[in-house]
Amino acid sequence: MADSQDVRTQKAGAAPTYRVLSQSIIDQILRGQLKPGDALPTEAALCEQFGVNRSTVREGVRLLEETGMLRRVNAKRLVISRPSTNEMAQQLERAMRLHEVTFFELWETAMVLEPKMAALAAHQLNAQDLEALEHNLEKTAQSLDDPETLAALDVDFHTLVARGVHNRVLLMTREPMARMFYPAFEAVLSRVGEAGPRLYKAHQAIFAALRAGRSEEAAQWMEKHIKDFRVGFELASLDFQSNAISERVATWND
């Protein structure tokens, strides 16, 4: 196979052999030669196919497990799998943290994505989606004096709206940003007394518009709600242009 030849003939200074092997297997998966649910060939078979030793195969396989493209059924059996939204988001989130994206950059992204997703969700939400959102609102009303729980419920509310669009591409695009953006709001909820009630009011209005199928109204309220995030940070005297959000949020809450 061409993939096997690529591994055997790599030049000095190229990527480590185990990475080349891992990429070769990924290429086979993307071409449909290996499909989700198929068993990965044995170590011995991979050693023979790629002309490498067992330790190289194990390192390549480990990389594929970390990306979610392989799932371990038992100690000896691995099958091809589709990475979950969470697994893909974790990788992109790490990259964004290493690039030290600012909270402003995350907010700008939310301003683009969240209102549009609310508008789309107004026509796509099913009964189960609406029930989950309503349950979230009920719990939010009971948690206005608990910033930690309220922040978690806020994350959940926005995730439920996004899932209600039933568009996997949009959901996967949004997820890494959301993992960094929304949890940070706990710092605001802890410092700004009116932040909790304003959040709840916005969620109520968004939900009402979604339930009624009013896409424009849902988008308008979502946009207003995202703008409120920025106002909240300013009222809490937090640095909206700061880098390394995860580290700063940890210190904000100490």
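Me: What is the volume of the largest pocket in this predicted model?

Reply: The model is predicted, and its largest pocket holds about 300 Å³ of space. There are 16 residues lining this pocket, and P41, T42, E43, K76 and L78 are the closest to its centre.

Me: Why are these called lining residues of the pocket?

Reply: A residue counts as lining because it has an atom within 4 Å of a point of the pocket. In the largest pocket, 16 residues are listed as lining.

Me: Which helices supply at least two residues of this lining?

Reply: They are α3, residues 43-50, and α4, residues 54-67. The largest share comes from α4, which supplies five residues.

Me: What makes a residue of this lining count as charged?

Reply: Asp, Glu, Lys and Arg count as charged. E43 and K76, two of the residues closest to the centre of the largest pocket, are Glu and Lys and therefore belong to that class. In total, the lining has seven charged residues, along with eight nonpolar and one polar.

Me: What lines the second largest pocket, and what is its volume?

Reply: Its volume is about 250 Å³. The lining residues include R19, S22, Q23 and I26, as well as L63, L64, E66 and T67. Two or more residues each come from α2 (17-30), α4 and α5 (85-98). By class, three residues of this lining are nonpolar, five are polar and four are charged.

Me: How many cavities of 30 Å³ or more does a search of the whole structure find, and what makes a space a cavity rather than a pocket?

Reply: The search finds one cavity of 30 Å³ or more. The space is called a cavity because a 1.4 Å probe fits there but cannot get out, whereas a pocket is open. The volume of the largest cavity is about 110 Å³.

Me: Where in the chain do the residues around the largest cavity come from?

Reply: Two elements give two or more residues to the lining: α11 (195-212) and α12 (215-235). The most come from α12, with six. Of the 13 lining residues, F185, A195, R198, D228 and G232 lie nearest the centre of the cavity. The lining consists of eight nonpolar, two polar and three charged residues.

Me: Why is F233 called buried?

Reply: Buried means under 20% relative accessible area. F233 has a value of 0%, and therefore it is buried. This residue is in helix α12, and its C-alpha atom is 8.3 Å from that of A187, which is 46 residues away along the chain. F233 also belongs to an aromatic cluster with F103, F181, Y182, F185 and F229. A search of the whole structure finds seven aromatic pairs.

Me: What makes E175 buried or exposed?

Reply: The relative accessible area of E175 is 15%. The limit for buried is under 20%, so E175 is buried. E175 lies in helix α9, residues 168-181. Leaving aside residues up to four places away in sequence, E175 touches T85 and A89.

Me: Why are E100 and H166 called partly exposed?

Reply: Buried is under 20% and exposed is over 50%, with partly exposed in between. E100 has 42% and H166 has 48%, so both are partly exposed. E100 is in the loop between α5 and α6 (103-124), while H166 is in the loop between α8 (147-163) and α9.

Me: How do you know that the charged end of R230 sits over the ring of W107?

Reply: One requirement is that CZ of Arg is within 6 Å of the ring centre. The charged end of R230 is 5.0 Å from the centre of the W107 ring and sits over it.

Me: What can be said of the chain as a whole?

Reply: The secondary structure comprises 13 helices and two strands. Of the 254 residues, 43% are buried. Among contacts with a separation of 6 or more, 70% join residues 24 or more positions apart.

Key
Residues are numbered from 1 along each chain as its sequence is written. This is a predicted model: local features need pLDDT of at least 70, side-chain atom pairs count only at pLDDT 80 or more; totals for chains, interfaces and linings use all residues. Side-chain values use heavy atoms; hydrogens and water are left out. On a 1 Å grid over the protein atoms alone, a cavity is a set of points where a 1.4 Å probe fits but cannot get out, and a pocket is an open set with protein on both sides within 12 Å along at least five of seven lines; lining residues have an atom within 4 Å of a point. Grid points are joined across faces, edges and corners, and a volume is the space filled by probe spheres set on the points. Helices (H or I, at least four residues) and strands (E, at least two) are DSSP runs, numbered from the N terminus. Rings of Phe, Tyr and Trp (its six-membered ring) pair if their centres lie within 6.5 Å; planes under 30 degrees apart count as stacked, over 60 as edge-to-face and the rest as tilted. A charge sits over a ring if NZ of Lys or CZ of Arg is within 6 Å of the ring centre and within 35 degrees of the ring normal. Buried means under 20% relative accessible area, exposed over 50%, partly exposed in between (1.4 Å probe, protein chains only). Contact means heavy atoms within 4.5 Å.
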